[in-house]
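Please look at the sequence and the model before reading on.

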Amino acid sequence: MHGEYKVPGGKLVVVDLDVEDGVLRRVRVAGDFFLEPDEAILAIDRALEGAPADMDAAGLAARIDRALPPGTEMFGLTTEGVGVAVRRALAHATDWTDYDWQLVHEPPQPPALHMALDEVLTAEVAAGRRPPTLRVWEWGSPAVVIGSFQSLRNEVDPEAAERHGIEVVRRISGGGAMFIEPGNTITYSLSVPDALVQGLSFTDSYAYLDDWVLGALGDMGIRAWYQPLNDIATEAGKIAGAAQKRVVAGEGAVLHHVTMAYDIDADKMTDVLRIGREKLSDKGTGSAKKRVDPLRRQTGLPREAVIDRMIASFRDRYGLTEGRVTEEELARAKELAETKFTTREWTARVP
């Protein structure tokens, strides 16, 4: 069995192993990380040898921690990352480069149609009728997008939303509310086979699916990192939030979508969103205006240039062909937008 895992912000860990009588055998760990002293790599292999095949990544990491020589130094490697690579080997997980990725970047769409497209395209990936897809959104109008389980009245001031001409929609994934204005936001979705995140915990899957965009930001001179559970941050503050939805039909798929603040009207955002003190307190700030630091200021680049560089970075890493939403997919999404995502029953399902 063979498993690979790139440690977030670090290096690639590769594990080859067999399983006999329910335990790990002939374990070999490799990668492009740095490790001192040399004998530490043998200690890692020995620590994993004979481990129960059903042990989770944390348990495997604990075995390694106990076995490492005193003074061991790891660079680009963590014992938790080795544990995750083992779990991915056991789960027969796939890698990004195992797929022919498709890019969908189409003209502006209404907010409710974007919600529906996420559901339809991810279901198509789960059914095996669509390749793994990176979809870059263009917004047809301003919106507030609330999480699947958020209370509508607790998150949005309806009078302020109406006054500013902002539509409120509810997405299928969890997480918090996002304030959207066309031209001021960069949003993308990854619709990926479940096999890509096999062996990863829910938390690890966020970091794993965000890693490419951290590299893209780095290429633009922004040192960014994944901040559990679902934020992307820099020294200047949060710049993006992610959310996921798992699809269990067919072979299974994961929707991972991210909204990035390119620019932001902070006064309008705080007028429309009801951002409570409790939420601000756990972010270490007393003002919603300080929570998000736009990419426009950090990059100095036009929004279109930021998007182009993100797409180019993904293509350089994993390959990416131009695609589109098919007529059948679009028809299904339009029907779903009308029957679900624009209805009061869905939007106010948690009043």
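## Nonpolar cores

The largest nonpolar core has 70 residues, and W96, W101, Y188, L190, W212, M260 and M310 touch the most other members. Helix 7 gives the most to this core, nine residues. A second, separate core holds 23 residues, including V169, L255, V325 and F341. A nonpolar core is a set of buried Ala, Val, Leu, Ile, Met, Phe, Trp, Tyr and Cys residues joined through side-chain atoms within 4.5 Å. Buried means under 20% relative accessible area, with exposed over 50% and partly exposed in between (1.4 Å probe, protein chains only).

The model is predicted: local features need pLDDT of at least 70 and side-chain atom pairs count only at pLDDT 80 or more, while totals for chains, interfaces and linings use all residues. Residues are numbered from 1 along each chain as its sequence is written, and side-chain values use heavy atoms, with hydrogens and water left out.

W101 is in contact (heavy atoms within 4.5 Å) with W96, P132, T133, L190, V192, L196, F314, Y318, G319, L320 and T321, leaving aside residues up to four places away in sequence.

## Helix 11

Helices (H or I, at least four residues) and strands (E, at least two) are DSSP runs, numbered from the N terminus. In helix 11, the buried residues are R303, V306, I307, M310, I311, S313, F314 and Y318. Seen down the axis of helix 11, these buried residues fall within an arc of 155 degrees, so they line one face of the helix; the arc is that of the directions from the helix axis to the C-beta atoms.

The cover over the buried residues of helix 11 includes strand 6 (102-105), strand 11 (185-193), helix 7 (202-219) and helix 10 (295-299). Just after helix 11, G319 has a positive phi of about 85 degrees.

## Cavities and pockets

On a 1 Å grid over the protein atoms alone, a cavity is a set of points where a 1.4 Å probe fits but cannot get out, and a pocket is an open set with protein on both sides within 12 Å along at least five of seven lines; lining residues have an atom within 4 Å of a point. Grid points are joined across faces, edges and corners, and a volume is the space filled by probe spheres set on the points.

The whole structure has two cavities of 30 Å³ or more. The largest cavity has a volume of about 50 Å³, and its lining includes H114, R135, W137 and V325.

The second largest pocket holds about 270 Å³ of space. Of its 18 lining residues, Y5, E80, G81, V84 and D204 lie nearest its centre. Helix 3 supplies the largest share of this lining, four residues.
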